[in-house]
Amino acid sequence: MWLAAAALAITVVIVQQLVRCCTPLLAWHARIRHMQALVPEGPGRHWLRGNVPEDDANSRDVTLKLSALMPRMFLRWYGFALPQVTLSHPETLADAMRTGPDKFQFVYEFWKPWLGDGLLTSSGKRWSRDRRLLTHHVFSLNMLREYVPIYKEACTTMLALWSSQADQQKSIDVGKCMPLLTFDVILKCAMGVDTECQTETDERSHHIHYMNAVTRIVELIMGRYLQPWLWWDFLYHRTAQGREFLKCIDEAHGYSLALIRERRREIAEDLLQGGDGPADHEHNDMLQTMLTVRDEDGVGMTDVEICEQVDTFLFAGRDTGSSALQWALYYLMKYPDIQEKCRSEVQRVMEACGGIEGFQHEHISQLQYLAQFVQEVLRDASILPDLSRTLTKDASIDGIRVPAGFQVQMNILGI
């Protein structure tokens with residue numbers, strides 16, 4: 001008799017656990033079925049990849065094709081179980097933004113082992129605190145003015161290399177040159193490090209090791225997005241790609257933290273010797289500011305927090321800056337008349353200020369036609385093709401109720 005009672009009790013517990021686990025899944029499935037009935041779904045959905053292209057080279061073309069077929073909104077699948085309502089029209093985007101959507105954390109999870117809780121991946125109080133500190137101090141206008149000599153030096157180096165290659169009648173691969181240029185500029189501005197990466201040929205250089213590690217991290221993460229079966233960390237970290245990913249992160253963090261700790265030691269030694277610390281220091285870069293800035297409670301940033309922000313600057317600035325420059329060069333070559341107008345304006349401003357040596361931050365505002373050209377490049381070839389957000393409350397998008405918790409993708413490229 002007692003065996004039957006025990007079996008019954010065990011059965012009841014198992015059923016309760018199954019119900020507890022299955023209820024959210026059934027609710028999730030019902031929401032998806034509801035959206036599938038109301039929102040047009042993109043064609044070519046693969047049972048495992050969803051609508052994600054097989055390689056990143058086709059991603060832009062696929063997005064533009066889907067946006068042309070369904071110009072206001074459509075349902076797009078990332079993998080077999082992650083649907084997003086993709087919004088491709090200003091009106092549908094406005095409907096979603098009125099609800100105050102939050103970051104879709106899944107998109108950033110792959111970056112967190114490298115970027116930690118930097119501005120790109122963090123949220124809530126941590127994001128608000130860091131944004132105040134960085135906006136008011138690191139990205140102040142006075143700070144940005146002082147970086148103009150760095151821009152000029154890096155560009156002069158690149159143009160000298162181009163001139164040498166042209167003299168030898170060699171082709172120039174801007175796809176390789178532009179990442180080196182932006183990497184050179186950002187490391188000088190962010191950490192005060194002169195890597196000479198545009199001219200350095202010694203692969204044993206620790207600067208080059210760092211640059212290669214960062215490049216490989218980005219490649220591995222972007223490739224992982226296209227392979228849903230590798231989204232699970234437990235499986236990914238046991239593959240060759242996952243092990244290489246973790247190794248590159250260790251190299252990148254080791255490089256950044258070594259520079260941060262060395263600079264903090266220099267500031268401490270200067271103070272002990274009676275100096276004014278940062279005021280007397282030869283460096284005037286983002287790292288210097290982050291080491292000394294304090295929030296309203298008098299609390300500074302730790303070495304790890306600074307490392308996360310520096311890595312975020314490097315990722316966000318290097319890839320986006322490089323992409324924008326490459327598209328700008330593409331359009332200049334495609335439209336010779338616009339190229340000539342830009343060239344004439346730059347030559348006029350340069351002659352007025354005495355050449356590249358006399359060019360300063362205040363002269364940038366005189367390049368009005370060039371500024372309009374750059375804005376049009378960024379509009380037509382957005383360096384950030386989309387943004388993913390999670391609805392914090394129900395939204396009415398084009399008259400369709402999209403429930404809270406559902407993911408929406410702001411399709412900037414398709415607008």
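Which residue forms a salt bridge with E219, and how far apart are the closest N and O atoms? The partner is R216, with the closest N and O atoms 3.1 Å apart, where a salt bridge is taken as a side-chain nitrogen of Lys or Arg within 4 Å of a carboxyl oxygen of Asp or Glu. Before I go on, please keep in mind that this is a predicted model, in which local features need pLDDT of at least 70 and side-chain atom pairs count only at pLDDT 80 or more, while totals for chains, interfaces and linings use all residues. Residues are numbered from 1 along each chain as its sequence is written, and side-chain values use heavy atoms, with hydrogens and water left out.

Let me stay with that pair for a moment. E219 and R216 both belong to helix 10, residues 206-225, and sit three residues apart, about one turn of the helix; helices here are DSSP runs of H or I with at least four residues, strands are runs of E with at least two, and both are numbered from the N terminus. E219 is partly exposed at 44% relative accessibility, and R216 is partly exposed as well, at 29%; buried means under 20% relative accessible area, exposed means over 50%, and partly exposed lies in between, with a 1.4 Å probe and protein chains only.

By the rule I gave, the count comes to 26 salt bridges. One of them joins R129 and E305, whose closest N and O atoms are 3.9 Å apart. R129 lies in helix 6 (residues 124-138) and E305 in helix 14, so this pair ties together parts that are 176 residues apart in sequence. R129 is buried, with a relative accessible area of 15%, and E305 is buried too, at 16%. Another salt bridge pairs the side chains of R224 and D233 at 2.6 Å, N to O; here R224 is buried at 3% relative accessibility, whereas D233 is partly exposed at 39%. Salt bridges that share partners also join K112, D117, R126, R129, D130, D295, E305 and E308 into one network.

Turning to helix packing, helix 12 (residues 240-272) and helix 14 (residues 303-334) pack at an angle of about 125 degrees, with their axes 10 Å apart. The axes are lines fitted to C-alpha atoms, for helices over the stretch in contact, and the angles run from 0 to 180 degrees between N-to-C directions. The two helices are therefore oblique to each other, given that angles under 35 degrees count as roughly parallel, over 145 as roughly antiparallel, 65 to 115 as roughly perpendicular, and the rest as oblique. Helix 14 also contains L329, which is partly exposed with a relative accessible area of 22%. The C-alpha atoms of L329 and V174 are separated by 8.6 Å, although these residues are 155 residues apart along the chain.

Q169 has a positive phi of about 55 degrees although it is not a glycine; Q169 is found in the loop between helix 8 (148-167) and helix 9 (174-191), and at 76% relative accessibility Q169 counts as exposed. D398, likewise not a glycine, has a positive phi of about 55 degrees, and D398 is placed in the loop between strand 5 (395-397) and strand 6 (400-402). At 35% relative accessibility, D398 counts as partly exposed.
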